[in-house]
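Trainee: Hi! Could you walk me through this one, starting with how the two chains meet?
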Amino acid sequence: MGEETLKVNQRLEAQKRLGKLIQGHYSYAREVEKKKDQLIAWTTSGAPNEILWTMDFFVQFPEAYAATCGAKHAAHAHCVITETHGYERHLCTYCRNSLGSTLAEIEGKGAFDPLARPDFLLVANNSCILITKWWEHLSHYWKIPMINIDSPLIVPGMDQKEIVDHVKRQCMDLINFLEGFTGKKFDYDRLKEIVANGKRSAEGYREVLNANRHDPVPATFFDLIGHNFPNLVLRFKPEAEEHYKMMKAELEQRISDGIVPMPNMKYRLYWDGVPYWFAIRNLSEKLQSLGMCLVTSTYFEVFAFERLDPSRPLDSVAENTAMFYLNRSVNYKAEVTEKIFKDFHLDAGVFAYALSCKPFSISMHYIADTIQKKLSAPVTIIEGDLVDETFYDEERNNMKLQALAETLAAKKR
Amino acid sequence: MIVAGVDVGSQTTKAVILGYGQGFGGFYSEAMKPTGIDVPEVSKMVIGEALEKVQLSFANVDKIVSTGYGRISIPFSTRTITEITCNAAGVHQLYPDVTLAIDVGGQDSKIIKMNSEGKVLQFAMNDKCAAGTGKFLEIAAQALEIPLDDLGKISLRSRRRITMSSICTVFAQTEIVSLIARRTDKEDIAAALHEAVANRIFGLINSVNPEAKARVVMTGGVARNIAVVKLLERMLGREILVPDNPQIVTALGAALMAENLD
């Protein structure tokens with residue numbers, strides 16, 4: 001379709017539906033907290049959360065909460081509370097946000113839109129080396145039990161089956177613990193149903209992401225990032241799959257109608273790393289002004305959960321945990337990134353270094369280097385820190401993005 | 001046509017005027033001033049000074065490209081272009097066979113990998129930290145009570161290798177004070193500081209995967225520091241070219257870009 005026939009429409013209908021899903025989730029959390037008719041668990045994105053849903057926990061994600069606080073410019077206040085309690089500034093800003101909001105709630109100072117108070121904490125160390133300690137402090141402050149699922153890093157030479165079995169054994173220990181904690185029997189049929197919902201949701205999520213292989217894209221990376229939420233938080237319910245089905249149809253319709261999310265799309269870009277949640281609008285406007293469209297990211301892989309399989313429910317939950325994207329080797333991540341560059345026809349990469357997120361950032365230089373060497377695609381590494389705005393130097397990052405656009409323009413000439 | 005390039009760095013603002021055609025013949029003029037806090041004003045003054053040298057005024061200038069960290073604060077510029085692209089253009093004009101530029105100024109270190117036409121293929125910049133930049137050397141020179149221009153030369157007289165435990169600009173200052181208190185030779189301290197700076201820059205160079213035989217040029221204020229240049233030459237295993245006025249190259253590139261604006 002020629003440039004002149006394209007129509008720009010930035011707003012996806014799916015955003016409205018997503019807003020309702022998110023609002024519904026948090027309103028329900030308030031009710032649960034008030035009525036106390038359901039136990040509340042806080043968990044990490046890579047944990048075997050199907051087990052919590054099967055045990056009828058209402059499940060909340062402090063990492064997702066940190067992202068929301070970042071986007072609403074509320075995280076800094078939480079981070080300051082954490083620091084005034086003696087925690088150092090170099091700790092992960094998601095952790096500082098979480099501990100700060102917890103301390104504010106416990107001390108009666110009130111946090112920004114706080115999560116419903118937890119009864120139980122589940123953590124898996126497959127996403128980050130610090131996260132178990134972060135959860136340990138949450139457990140200390142809330143005075144509630146926590147269980148850690150140990151998931152060793154998947155590196156070449158390791159026996160993957162042994163790692164999956166190791167995680168499965170811990171899933172069974174978790175089930176035993178929760179049966180005692182809740183006084184309920186674990187329902188394996190319910191697990192199967194939840195895993196089936198999760199599988200359909202994950203498939204829908206992937207189809208939505210793949211819509212951006214089209215040139216021009218029907219949506220930008222910024223339009224898609226919020227849609228991690230259903231696959232992360234609601235995949236145990238049919239609503240998640242339903243959301244992706246409708247969203248896929250909308251994206252396909254946009255493609256056939258020639259509707260694009262921004263004018264003047266000259267270059268297709270890759271994003272590496274966690275978004276700087278507080279800077280999304282600025283970054284989006286800056287990139288748009290330079291004709292650069294962020295198309296996709298391996299960040300989406302964190303929320304893919306594609307190992308779920310109802311024909312072997314518990315095994316697949318264990319596998320989903322063990323094979324969590326962030327738990328994979330740097331070589332694997334570089335290979336996935338290279339494939340994404342090819343599949344999505346990307347011109348360049350923006351690597352978003354996060355000062356306090358070492359597990360994410362440590363691989364960044366290697367991956368950027370691989371992309372440069374293998375694909376001769378220019379890349380730039382910008383700097384920020386997840387949800388802490390104080391480290392962000394907008395002008396410096398803008399300069400790097402402008403230089404990237406100039407490099408791409410020179411390449412095209 | 002008369003064009004101007006103005007490069008507003010954190011420490012110094014530089015301007016280059018180029019004129020050609022329509023009875024002007026070809027001419028070149030340059031000027032530099034400390035940046036200070038009033039970026040539009042100092043830019044105007046620097047361009048004005050460069051114009052004065054060739055008996056011209058602002059009214060004669062057809063196009064102005066601004067670059068450097070203050071580039072967006074100049075209301076009279078025709079276009080802003082980053083110092084990455086401008087530096088590459090300037091370097092290519094002076095050294096057409098160079099494909100790797102190291103530009104180290106007061107606040108930033110930049111590495112630019114180019115093709116044989118001077119087009120940028122890849123670039124890298126230091127992180128948000130003054131270590132590895134001119135500011136680090138300036139603060140160190142103050143702490144050692146050595147004029148900045150002499151710091152590099154003095155470090156070459158070092159006879160004992162010591163290592164700085166911190167390359168944070170703030171903590172390095174404290175460390176210098178304690179090393180002086182322990183009667184460590186200034187030459188040895190200066191050498192350690194230069195090694196820290198060169199290591200930082202060398203790491204950045206590697207991040208753009210330079211070609212093994214790429215000809216290398218160094219620009220920016222730090223290129224005036226003989227010790228940094230020599231250390232980098234040793235690390236890279238090849239000669240580094242330094243122009244007569246390494247600080248003006250990005251402004252020259254900006255002027256060349258102005259000449260070629262659509």
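Mentor: Happy to! Keep in mind that this is a predicted model.

Trainee: Nice. How many salt bridges are found across the interface of chain B and chain A?
Mentor: The rule finds 2. It also finds 12 residue pairs in polar contact across that interface, with both residues at pLDDT 80 or more.

Trainee: Which elements of chain B give two or more residues to the side that touches chain A?
Mentor: Those are helix H2 (83-94) and strand S8 (120-125) of chain B. S8(B) gives the largest share of that side, 5 residues. By type, the residues on chain B's side divide into 9 nonpolar, 7 polar and 7 charged.

Trainee: And what area is buried between the chains?
Mentor: About 1900 Å², with carbon and sulfur atoms giving 46% of it. In terms of residues, 23 from chain B are in contact with 23 from chain A.

Trainee: Okay, new topic: which residues touch the most other members of the largest nonpolar core?
Mentor: Tyr94(A), Leu269(A) and Met292(A), in a core of 158 residues. Helix H7 (residues 160-182) of chain A gives the most to this core, with 7 residues.

Trainee: What does Met292(A) touch, leaving out residues up to four places away in sequence?
Mentor: Its contacts include Met262(A), Tyr267(A), Leu269(A) and Leu408(A). There is also a second, separate core of 41 residues, and Ala124(B), Ala141(B), Met164(B) and Leu231(B) are among them.

Terms used
Residues numbered from 1 in each chain as written. Chains lettered and ligands numbered in written order. Predicted model: local features only at pLDDT ≥ 70, side-chain atom pairs only at ≥ 80, totals over all residues. Heavy atoms only, no water. Core = buried A, V, L, I, M, F, W, Y, C linked by side-chain atoms within 4.5 Å. Buried < 20%, exposed > 50% of the residue type's maximum accessible area, 1.4 Å probe, protein only. Helix = DSSP H or I, 4+ residues; strand = E, 2+ residues; numbered from the N terminus. Contact = heavy atoms within 4.5 Å. Buried area = accessible area lost by both parts, 1.4 Å probe. Salt bridge = Lys/Arg side-chain N within 4 Å of Asp/Glu carboxyl O. Polar contact = N/O pair within 3.5 Å; in protein donor to acceptor, adjacent residues only side chain to side chain. Nonpolar A, V, L, I, M, F, W, Y, C, P; charged D, E, K, R; others polar.
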